[in-house]
Amino acid sequence: MLDTSPNRPDLPPEIARRRTFAIISHPDAGKTTLTEKFLLFGGAIQMAGQVRAKGEARRTRSDFMAMEKDRGISVSASAMSFDFREFRFNLVDTPGHSDFSEDTYRTLTAVDAAVMVIDGAKGVESQTRKLFEVCRLRDLPILTFCNKMDRESRDTFDIIDEIQENLAIDVTPASWPIGMGQDFLGCYDMLRDRLELMDRADRNVVAESIKIEGLNDPALAEHVPDHLLEQLREEVEMARELLPRLDPQAVLDGTMTPIWFGSAINSFGVKELMDGIAGYGPQPQIQSAEPRQILPEEPKVAGFVFKVQANMDPKHRDRVAFLRLASGHFKRGMKLTHVRSKKPMAISNPVLFLAADRELAEEAWAGDIIGIPNHGQLRIGDTLTEGEALRVTGIPSFAPELLQGCRAGDPLKAKHLEKALMQFAEEGAAKVFKPNIGSGFIVGVVGALQFEVLASRIELEYGLPVRFEPTQFTSARWASGPKDKVEAFVNANKQQIAHDHDGDVVYLTRLQWDIDRVVRDYPDVHLTATKEMM
Ligand code: G4P
């Protein structure tokens, strides 16, 4: 195994072997392909890449659902667990569509590390940069995979420079590509002095690994043609001189990213990356919470909901809340306290998303993600504990930056539309406001493409064509304060008042001037851009 020491020596072995991470990338860089190969090497599927969903459908949150249907394998759209060597990997999906949503931010609150996939020809693209910035906010460790090396790609030093400069992070090569495009042979493993050769004949075959004694080993010449060998020696020498050596602590601190080169579609470089996640990726980390932090090794269970998903099973409209376990050893049937309502909840049918099979979770440990089917009691940001009143912090809720009106194509279906929108509001996919006056709804999102995603989901999941249209309002503020003062405010501003899915009062504004006026005229009414997620 790799020469790394555990990042937190006190963890029980079951927790220490867990690696919980997400993949961040720009669309088309190869996230889906890499996920398939993870599952393949994790023993979860027999053969990857045989059937692929084509076109736009693949770009939405149905990525994994499409895989599920096409291949008859059972994977969830949100979290997958699989074993690799002695490790348990939990891969949490970041939404696939090319727009930004709160969902994406929140997913990244549930992981301990991210794998950044970039296309060797394109380098750091816009979506990657945005997601990287989110990881940076949390100092998440990042491991980089430079994909599609079987195609013409950029010079290796250029790629590394671009990451260093664009993302302001140290980059250390964990492998070095030999040749590129048609000539791509494989990689020199910089960490273990091995030669990894790609098998072009069979995409699902793991690369041949040849142990050598450094770059002067005569055995190299048996596998690498002269001109490539000379180039390899030169480049590796330069890389060793110019680029920082791998520093496991800097990786854990999020200031250095090791980069592996490979070709996901050819299964090449993927195992080395997985070894890297196992060896250099963080173990389950300490969770920030109020009034105190939660340590993964604490014997009592605590966890938080970072995602709610409805309609996973079209046959019934249950929701599944995804709970990241922050501590302890969970066993099926446990009674946990739902901290927000202070009510006990028996968790009798939790689901563990083992990629091979979606199955009942008999047990789970800190670091794992379990799905809890429920009828809407569990909300994003909720904390579950064995009794202690802890509240996990750091789960963001943003004020919607874009507002649009929403109507059903068929006016008789307004009730259905309300149901659909309320459900998306609970999932956290959008903010939904019902204005006091008039019909229809105002929907608020963080990124423009979310409107399209919502429209297609409402049509797909509820059979309901909808129209989004411009509205006079530009932003929304939650209003709170003494009951009589809020009532007076509401009565005097009926045209601009709405209620959100919890029934809380929302003030829809047209201009900053509106807000300034309220602040002046109603000193007891408090307007806020975000609502605490609890
Ligand atoms: P995404 O989830 O990040 O959006 O990317 P995805 O894995 O769907 O890959 C995007 C395209 O890149 C796919 O081609 C995929 O086959 C291809 N690809 C992935 N990894 C590699 C690689 O290592 N080398 C090469 N040459 N191509 C790769 P597509 O034409 O869009 O789809 P398909 O027809 O191949 O399914």
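Predicted model: local features only at pLDDT ≥ 70, side-chain atom pairs only at ≥ 80, totals over all residues.
**Entry 1: the loop with Pro 291.** I began in the loop between β12 (289-290) and β13 (302-310), where Pro 291 lies. Residues are numbered from 1 along each chain as its sequence is written. I looked up the peptide bond from Glu 290 to Pro 291 and found it cis, with omega near -5°.

**Entry 2: positive phi.** I kept a reminder at hand: most residues other than glycine have a negative phi, and most peptide bonds are trans. Asp 28, in the loop between β1 (18-25) and α2 (31-41), has a positive phi near 85°. Ser 267, in the loop between β11 (256-261) and α10, also has a positive phi, about 60°. Ser 267 has 24 other C-beta atoms within 10 Å, so it is buried. Asp 28 has 15 within 10 Å and is therefore partly exposed.

**Entry 3: the whole chain.** I noted 14 helices and 31 strands in the protein chain. Of its 534 residues, 45% are buried. I then turned to contacts, where two residues count if their C-beta atoms, placed from the backbone, lie within 7 Å. Among contacts between residues at least 6 apart in sequence, 71% join residues at least 24 apart.

**Entry 4: domains.** I wrote down domain 1 (16-60 + 68-280), domain 2 (289-392) and domain 3 (399-532); the bounds come from an automatic or database domain assignment. The centres of domain 2 and domain 3, taken over C-alpha atoms, are 29 Å apart. Where these two meet, 7 residues of domain 2 are in contact with 5 residues of domain 3. The domain 2 side of that meeting has 3 nonpolar, 3 polar and 1 charged.

**Entry 5: covered elements.** In helix α10 (residues 270-280), 9 of the 11 residues are buried, so the helix is largely enclosed by the rest of the structure. Among them I listed Leu 273, Met 274 and Ile 277, along with Lys 271, Glu 272 and Asp 275. Strand β4 (residues 113-119) has 7 of its 7 residues buried. Ala 113, Val 115, Val 117 and Asp 119 point one way from β4, and Ala 114, Met 116 and Ile 118 point the other way. Next I checked pairing, for which DSSP must find at least two bridges between two strands. β4 pairs in the parallel sense with β1 over 5 bridges and with β5 (residues 142-147) over 6 bridges. Val 117 stands opposite Ser 25 and also opposite Phe 145 in β5.

**Entry 6: cores.** I took a nonpolar core as a set of buried Ala, Val, Leu, Ile, Met, Phe, Trp, Tyr and Cys residues joined through C-beta atoms within 7 Å. The largest has 103 residues, and Ala 114, Val 115, Val 305, Leu 323, Leu 325 and Ile 370 touch the most other members. This core draws at least three residues from each of domain 1 and domain 2. A second, separate core of 29 residues includes Leu 417, Ile 458, Val 466 and Phe 473.

**Entry 7: the open sheet.** I traced an antiparallel sheet of 8 strands in the order β27-β24-β26-β25-β29-β30-β28-β31. Helix α13 (residues 483-492) lies across β28, β29 and β30, at about 145° to β28. For these angles, axes are lines fitted to C-alpha atoms, for helices over the stretch in contact, and values run from 0 to 180 degrees between N-to-C directions.

How values were computed
Buried ≥ 20, exposed ≤ 12 C-beta atoms within 10 Å, placed from the backbone. Helix = DSSP H or I, 4+ residues; strand = E, 2+ residues; numbered from the N terminus. Nonpolar A, V, L, I, M, F, W, Y, C, P; charged D, E, K, R; others polar.
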